[in-house]
Amino acid sequence: MTGTRSIVLAAGLTALMAMGSFPAYAQDAKTTNQAIDEALGNHAQYETVIKALQQGVKGKDAKAVAALVDYPISVKISGKDTEIKSEKDFVTHYDAIFTPKIAKVVEDQKYEDLFVNYQGIMFGDGQVWINGICKDSACKAFDAKIVTIQDGP
């Protein structure tokens, strides 16, 4: 992937390779923060998005959740692959995208139990993934965004 929509991968993969292994489920918030820093960069950016996602889902705030998504995003709506191109489109289909099953996974996810690797931060068994989206070609700045929403892996 190239350009400003590239997902932050290269730096994280290099760091993981240097560690000799891929981090698994963390034991506490400090360990989670360290895993995020090493695999993806600045855990504070990710932690802010994670908390906002959980708060938005818990409050059924479709607009707040929609603001956290990287567009376009492919999701299944009533079993059909659908491309959601904008926040407005996401809000319209929110209840079909964030099914009760996916919402429960997000609400119940403990920060210290997040799975982190070079592909991003995983909720549950892969129902939601968050990763960094580069703002420039050198990826010196990025936004943490939701990149995957699915019923399961």
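Visitor: What stands opposite valine 116 in β4?

Guide: Isoleucine 121 does. This is a predicted model, where local features need pLDDT of at least 70, side-chain atom pairs count only at pLDDT 80 or more, and totals for chains, interfaces and linings use all residues. Residues are numbered from 1 along each chain as its sequence is written, and side-chain values use heavy atoms, leaving out hydrogens and water.

Visitor: What makes β3 and β4 a pair?

Guide: Two strands pair if DSSP finds at least two bridges between them. β3 and strand β4 (residues 120-123) have 3 bridges, so they qualify, and they run antiparallel.

Visitor: Why is one side of β3 and of β6 left without a neighbour in the sheet?

Guide: The open sheet has 4 strands in the order β3-β4-β5-β6, with antiparallel pairing. β3 (115-117) and β6 (142-149) stand at its edges, so each has a single partner strand. From one strand to the next, the twist averages 25°.

Visitor: How many bridges join β1 to β2?

Guide: There are 5 between β1 (residues 73-77) and β2 (residues 80-84), which run antiparallel. Valine 75 has threonine 82 of β2 as its bridge partner. The hairpin has 2 residues between the strands, and serine 78 takes a positive phi near 55°.

Visitor: Why is α3 called oblique to α7?

Guide: The axes of α3 (residues 43-58) and α7 (residues 100-108) cross at roughly 130° and come within 9 Å. That angle makes α3 oblique to α7: under 35 degrees would be roughly parallel, over 145 roughly antiparallel, 65 to 115 roughly perpendicular, and the rest is oblique. The axes are lines fitted to C-alpha atoms over the stretch in contact, with angles from 0 to 180 degrees between N-to-C directions.

Visitor: Which residues of α3 and α7 make the contact?

Guide: Contact means heavy atoms within 4.5 Å. On α3 it's Leu53, Gln54, Val57 and Lys58, and on α7 it's Ala103, Val106 and Glu107. The crossing is left-handed, meaning the near helix is turned anticlockwise from the far one by less than a right angle.

Visitor: How many helices and strands does the protein have?

Guide: It comes to 7 helices and 6 strands, these being DSSP runs (H or I, at least four residues, for helices; E, at least two, for strands).

Visitor: What percentage of the 153 residues is buried?

Guide: 42% are buried, that is, under 20% relative accessible area with a 1.4 Å probe, protein chains only.

Conventions:
Buried < 20%, exposed > 50% of the residue type's maximum accessible area, 1.4 Å probe, protein only.
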